[in-house]
Amino acid sequence: MATTNLNNDSVSIVSGKDSVVVPLVLDTIPGGRSLNVTGFTPAVIQAGHVIIMETATKDYKPMPLNGGATAYASLPTGHEYVGILISSIPTKKAMAGIVTRGRVNPAAAPFSMSSILAAVKTALPLIDFRED
């Protein structure tokens, strides 16, 4: 007889920095989006993570990380920046609130944005990237 486990795996999400990384949310993508996390290895996607969209499929994804998962990789071909993750979420249940207008503190972001910040600012002009 087949059985189903209705218990969720426990995941510890430390969200103390969420309101520091994204201190002001004025507009979002309505209803949020489910993220395609194929190939994304961290167990938690932290608030402040850059969210991208594949232009051909309209698939929303977390910005890929470099091999050591210490910084952002380059923007994949055929993708564009669409917003910033508002609060930390488990990768297994990647239902994301995405800010498109507001304020983000790049110094508190989970990964250094220095290599992509100029391009992100251009793509997301309604987000004020301001360090505290």
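Helices (H or I, at least four residues) and strands (E, at least two) are taken as DSSP runs and numbered from the N terminus. The structure is a predicted model, in which local features need pLDDT of at least 70 and side-chain atom pairs count only at pLDDT 80 or more, while totals for chains, interfaces and linings use all residues. Residues are numbered from 1 along each chain as its sequence is written, and side-chain values use heavy atoms, with hydrogens and water left out.

The protein chain holds two helices and ten strands. From the N terminus on, their order is α-β-β-β-β-β-β-β-β-β-α-β. Of its 132 residues, 37% count as buried (under 20% relative accessible area; exposed is over 50%, partly exposed in between; 1.4 Å probe, protein chains only).

The largest nonpolar core has 34 residues. Such a core is a set of buried Ala, Val, Leu, Ile, Met, Phe, Trp, Tyr and Cys residues joined through side-chain atoms within 4.5 Å. Leu35, Val50, Tyr60, Tyr72, Ile84, Met113 and Phe129 have the most contacts inside this core. Two or more residues each come from strand 4, strand 6 (79-85), strand 9 (98-104), helix 2 (117-123) and strand 10 (127-129).

Strand 4 (residues 50-54) pairs with strand 5 (residues 59-62) in the antiparallel sense, over four bridges. Pairing requires at least two DSSP bridges between two strands. Glutamate 54 has aspartate 59 of strand 5 as its bridge partner. Four residues lie between the strands of this hairpin. Lysine 58 is in that loop. Its phi is positive, near 60°, in a residue other than glycine. Most residues other than glycine have a negative phi. Lysine 58 counts as exposed because its relative accessibility is 52%.

Threonine 91 lies in another loop, between strand 7 (89-90) and strand 8 (95-96). Threonine 91 counts as buried because its relative accessibility is 10%. Leaving aside residues up to four places away in sequence, threonine 91 touches Val37, Phe40, Pro42, Ala43, Val44 and Ile45.

How values were computed. Contact = heavy atoms within 4.5 Å.
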